Amino acid sequence: MSVAVQLGPRASLADLLAIPEEQRFHEIVDGELVRKAMPSGPHGRAQRVLGGRIGDPYDRRPGGRLPGGWWITTETEVQFAEDQVYRPDVVGWLRERLPELPRTTPIPVRPDWVCEVQSPSTARLDRVKKMRVYQRCGVPHYWMVDPEDQTLTVYRWTPEGYLLILTAERGERVRAEPFGEVELEMDALFGDEAT
């Protein structure tokens, strides 16, 4: 004998936006309202360093001595589907696709790059559920930074699934698409820069 289990109502964008902004550290994942983990020191540092290393040269108009051509933000609400509203740790849009950064929240435009800095409590969510949604929505570039393992993993979108492009660990210097003009020092991301 099987018993039907009645699921509660799915979380909506209205439910998310009903949370006062100063308390809204939530996402809607598969229709469920999920509070994001509080970042550890290594998580926050990796997010800040990466945001600066990518944002400083790219978050500007194209042209000039720096590459530019992107909008780079952190912890910005992005709506991927009605039941999928995430706050990626670092996220970017090509300015040629998004000439002006929307003032509305969540942003309803698919990003061109997403980076999730993993926490022990959310690593599986980033590697499985969110990655599936990013793949389904066609996010061209997905990075995962793991402060515990001190690794960077870079994926490129293909219709068949994400293609692993690069893995890097502490002690290495890499150039990772779509930001290949900038060399990233893994020691700076996970601790201190080499002298």
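**Backbone geometry, residue by residue**

Mentor: Let's start with Gln-150, which counts as partly exposed at 25% relative accessibility. Keep in mind that this is a predicted model.

Trainee: Okay, and what is its phi, given that Gln-150 is not a glycine?
Mentor: Phi of Gln-150 is positive, about 55 degrees.

Trainee: Where is Gln-150 found?
Mentor: Gln-150 sits in the loop between strand S8 (141-146) and strand S9 (151-156).

Trainee: Let's move to Asp-30. What is its phi near?
Mentor: Phi of Asp-30 is near 50 degrees, so here too a residue other than glycine has a positive value. Asp-30 is partly exposed, with a relative accessible area of 32%.

Trainee: And which strands lie on either side of the loop with Asp-30?
Mentor: That loop runs between strand S1 (26-29) and strand S2 (32-35).

Trainee: Changing topic to prolines: is the peptide bond from Thr-105 to Pro-106 cis or trans?
Mentor: The bond from Thr-105 to Pro-106 is cis, and its omega is near -5 degrees. Pro-106 belongs to the loop between strand S6 (90-94) and strand S7 (113-117).

Trainee: What about the bond that joins Glu-177 and Pro-178, what is omega there?
Mentor: Omega is about 10 degrees for that one, and the bond between Glu-177 and Pro-178 is a cis peptide bond.

Trainee: Where is Pro-178 found?
Mentor: Look in the loop between strand S11 (173-174) and strand S12 (184-185) for Pro-178.

Key: Residues are numbered from 1 along each chain as its sequence is written. This is a predicted model: local features need pLDDT of at least 70, side-chain atom pairs count only at pLDDT 80 or more; totals for chains, interfaces and linings use all residues. Side-chain values use heavy atoms; hydrogens and water are left out. Helices (H or I, at least four residues) and strands (E, at least two) are DSSP runs, numbered from the N terminus. Buried means under 20% relative accessible area, exposed over 50%, partly exposed in between (1.4 Å probe, protein chains only).
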